[in-house]
Amino acid sequence: MLDASLAEVDPELAELVEGERRRQLGTLDLVASENVPPRAVLDAQGSVLTAKYADGYPGDRHYDLCEWVDGVETLAIERAKSLFGAEHANVQPYSGSSANMAVLDALCEPGGTVLGWDFEHGGHPTQYLSGTFAGRHYRTASYGVRRDDRLVDMDQVASLVEQLRPKVVFAGWSCYSRWLDFRLFRQICDSVGSYLVVDMAHFAGLVAAGEHPDPVPYADACTMTVHKTLGGARGGTIICREDLAERVDAAVFPGTQGCPLPHVIAAKAVTFLLAASDAFRERIARTVEGARAIAAVLVEAEGRTASPVVTAGTDVHQLTVDLGPSGRLAGDVWARLNRVGISANAMRLAYDVAEAPAGSGLRFGAAALATRGLDAADFSEVGDILADVLDGSFDSAGAASEKALARRVQALLERFPIYRYR
């Protein structure tokens, strides 16, 4: 059984995996948090490193014969530090959520005050929300975006920081389309002695490629996932100032996690290596250009879609449209997107008027399509397809049919295949 393939050992499961592979091959992936990991990452993550226990850190393990995994983890650490210009890196977090949990554990005593970015305004729940570890173990509050322009309300941030004097302030988002002023966040935090933690799970790849303002000089710590715009292994990483290294490491292990995952750390090492390449920087430039191309088409089409682009454009890899003025629900349009071969995600927006849980927002990301190879002209075609789907007259005479749109989607998929190897 050691040498038998998955198809030989478990054909039922193998067919499910193959079904997902076929789905990925046959779908234009506009989910902002997804990407296409390269084969080298998949090879590392499915390697014999899966079998090794290695509690602790390189040179200080609780198990013997860890020289090879020590080398793997050290390589990942040094590559992460080099890529982001960081003083210290911890590559053991299982996810971005566990990275946030560990940083809070390192920097804030239970019952301390934490200020995060409101979830419905684009933040991540693990920064503050009740029901998460942050909400259960800390006094939490949140800030959001202004109603008029949907940009982060830095006056509100400053007021809450002055009022609450939080131990930790989170900057960074899951759904936001503009750059942040990390210098101003730093100044606000310094006014009361707060730690600044930048959650750059979504835009870490943009930072690595020089396509986004760099938070590292201003943040006490940054958390990230490695599978979104970095396009690699599923998992998290923390970078921080050297004087916080011991506290962060202790908060990850044994504070909030057990044994690390050497196979995933190896895949992170590959990811950081690839992210330092010229090819990666070119791809990220196309990613941002692609998101802007889609946004430009959808802004131009607002007269017929009645679905404005939030903040009227984007600086990053993703954008959001507000279906509220059109009277349609995100879940309904989401289903139509799926039928023509496009994946995206529905979400509630700041000041959302919809009562349905899915809300009025649709978020589109360009990372996975840029990894496939699409350029600006191709992204404009994607924008045109999305505009037709969003068109309120979609079902009336003269509107594009779902079959016609599906054929346009299929043409793009055939031009930009993925996973041609077996």
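Which exposed residues does the face of H7 turned away from its buried side carry? They are Asp 155, Glu 162 and Gln 163.

This is a predicted model, in which local features need pLDDT of at least 70, side-chain atom pairs count only at pLDDT 80 or more, and totals for chains, interfaces and linings use all residues. Residues are numbered from 1 along each chain as its sequence is written, and side-chain values use heavy atoms, with hydrogens and water left out.

H7 covers residues 154–164. Helices (H or I, at least four residues) and strands (E, at least two) are DSSP runs, numbered from the N terminus. Met 154, Val 157, Leu 160 and Val 161 of H7 are buried. Seen down the axis of H7, these buried residues fall within an arc of 120°, so they line one face of the helix. The arc is that of the directions from the helix axis to the C-beta atoms. An α-helix has 3.6 residues a turn, so residues three or four places apart point the same way. Buried means under 20% relative accessible area, exposed over 50%, and partly exposed in between (1.4 Å probe, protein chains only).

The buried residues of H7 pack against strand S5 (113–117), strand S6 (139–143), strand S7 (168–171) and helix H8 (182–190). Contact here means heavy atoms within 4.5 Å. At the start of H7, a side-chain oxygen of Asp 153 reaches to within 3.2 Å of the backbone nitrogen of Asp 155. A polar contact is a pair of N or O atoms within 3.5 Å; within protein, one must be able to donate a hydrogen and the other to accept it, and residues adjacent in sequence count only if both atoms are side-chain atoms. Arg 165 follows H7 and has a positive phi, near 50°.

**Two helix pairs**

The axes of H7 and H8 come within 9 Å and cross at roughly 20°. That makes H7 roughly parallel to H8. H7 passes H8 in a right-handed crossing. Met 154, Val 157, Ala 158 and Val 161 of H7 make the contact with Leu 184, Phe 185 and Ile 188 of H8.

The second pair is H14 (residues 330–340) and H16 (residues 376–390), whose axes come within 10 Å and cross at roughly 130°. H14 and H16 are therefore oblique to each other. H14 passes H16 in a right-handed crossing. From H14, Val 333, Arg 336, Leu 337 and Val 340 make the contact; from H16, Leu 386, Val 389 and Leu 390 do.

Axes are lines fitted to C-alpha atoms, for helices over the stretch in contact, and angles run from 0 to 180 degrees between N-to-C directions. Angles under 35 degrees count as roughly parallel, over 145 as roughly antiparallel, 65 to 115 as roughly perpendicular and the rest as oblique. A crossing is left-handed if the near helix is turned anticlockwise from the far one by less than a right angle, and right-handed if clockwise.

**Pro 260 and Arg 61**

Pro 260 lies in the loop between H10 and helix H11 (262–275). At 2% relative accessibility, Pro 260 counts as buried. Its contacts beyond four places in sequence are Ala 54, Asp 55, Arg 61, Gln 92, Tyr 94 and Ile 265.

Arg 61 sits in strand S3 (residues 60–61). Arg 61 is buried too, with a relative accessible area of 14%. Its side chain reaches two backbone oxygens: that of Ala 54 at 2.9 Å and that of Gly 56 at 3.0 Å. Beyond four places in sequence, the contacts of Arg 61 include Cys 66, Val 69, Asp 70 and Glu 73.

**His 227**

His 227 lies in the loop between strand S9 (221–225) and strand S10 (236–240). His 227 is buried, with a relative accessible area of 11%. A polar atom of its side chain lies 3.5 Å from the backbone nitrogen of Gly 235. Ser 33 and Asn 35 are among the residues that His 227 touches.

**Backbone exceptions**

Most residues other than glycine have a negative phi, and most peptide bonds are trans. A cis peptide bond joins Phe 253 and Pro 254, with omega about 5°. Pro 254 is found in helix H10 (residues 245–256).
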